[in-house]
Amino acid sequence: MLSVLALVAIVCFMTIGANSNWGFILPFRGAKLVALILVGYAIAVSTVLFQTVTANRILTPSIMGFDALYILIQTFIVFFFTSQALTTLDARLQFVIEVAIMAAFSGILFQWLFLSGNRSLHLLVLVGIVCGVFFRSLSGLMQRMLDPNEFLVLQDTFFASFNTVDKTLLGVSAAIVGLASLIGLRVMPYLDVLTLGRPVSINLGVPYKATVAIILVVVAMLVAVSTALVGPITFFGLLVVSLAHVISRDGRHRYILPISILLGIICLVGGQTILERLFEFNTALSIIIEFIGGVVFIIMVLRGAMR
């Protein structure tokens, strides 16, 4: 059923309002469709994997500071090189810079966790949260010193946008996502066991440290690509994965992963179709997703407190 809904959303996105102008519509909407599918896939998979290794259903990779680092990069460019540099900078160069910086940040964290001593995974999450707070504080300081007109240009980058995706970046993004998926296939047999906790996983023969390291690398690659491609979407992964658990009622990854991916595609493609055809771009899809995802996050926290 979810596959059918995803297919319907894709068909509606590509055909509604086309007015037979297929020569223009297919390439234009096709590029946005690929971006929507890539981001939906990347965020859904990265969130499922991150929740698996942290054994926590209310955590998302964004808590590690990737979104805050993305905003810091944009703020840094505007602060030191003006907003014109941000708008005229080659999209491919900007994409490479953003992915490289976020990958380097995650690499430093993982190296510190796995190669510099036997530290707790929860300590890594805590360090990521602290780094995120630091990045936001530094961004806020520079933003307060900006000219108001400069800040208006910068503010547009704070929310994910699927209408300004550079077509030349889709191939590179798809290649990185595909590579991350191939790497992730190596640890698929261990995912269900990891949900039982570190001691049980080790006792059952799982190479825990190597498996968690691979998963975190895959998560970092997926989050870096999706964030650099369209911008930060903090609560989207939490939203689709929470819905996936409600629908499947089975914690095994053979169900959770495909359901989360399909829900991600349905939400992004279907939501973008509704916004374009019914609301005529009067609002951004990412704002609606953040609002609903934030509500889901609060509900999950309250339910956990009640338990």
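Tutor: Start with serine 201, which is buried at a relative accessible area of 0%. One note: this is a predicted model, where local features need pLDDT of at least 70, side-chain atom pairs count only at pLDDT 80 or more, and totals for chains, interfaces and linings use all residues. Residues are numbered from 1 along each chain as its sequence is written, and side-chain values use heavy atoms, with hydrogens and water left out.

Student: Why is serine 201 called buried?

Tutor: Buried means under 20% relative accessible area, exposed over 50%, and partly exposed in between (1.4 Å probe, protein chains only). Serine 201 has 0%, so the label is buried.

Student: What makes phenylalanine 80 partly exposed?

Tutor: Its relative accessibility is 48%, so phenylalanine 80 counts as partly exposed. Phenylalanine 76, at 41%, is partly exposed too.

Student: Why is the pair of phenylalanine 76 and phenylalanine 80 called tilted?

Tutor: Rings of Phe, Tyr and Trp (its six-membered ring) pair if their centres lie within 6.5 Å; planes under 30 degrees apart count as stacked, over 60 as edge-to-face and the rest as tilted. By this rule there are five aromatic pairs. In the pair of phenylalanine 76 and phenylalanine 80, the centres are 4.5 Å apart and the planes at 45°, so the pair is tilted.

Student: What makes phenylalanine 105 and phenylalanine 135 edge-to-face?

Tutor: The angle between their planes is 70°, with 5.4 Å centre to centre. Both phenylalanine 105 and phenylalanine 135 are buried.
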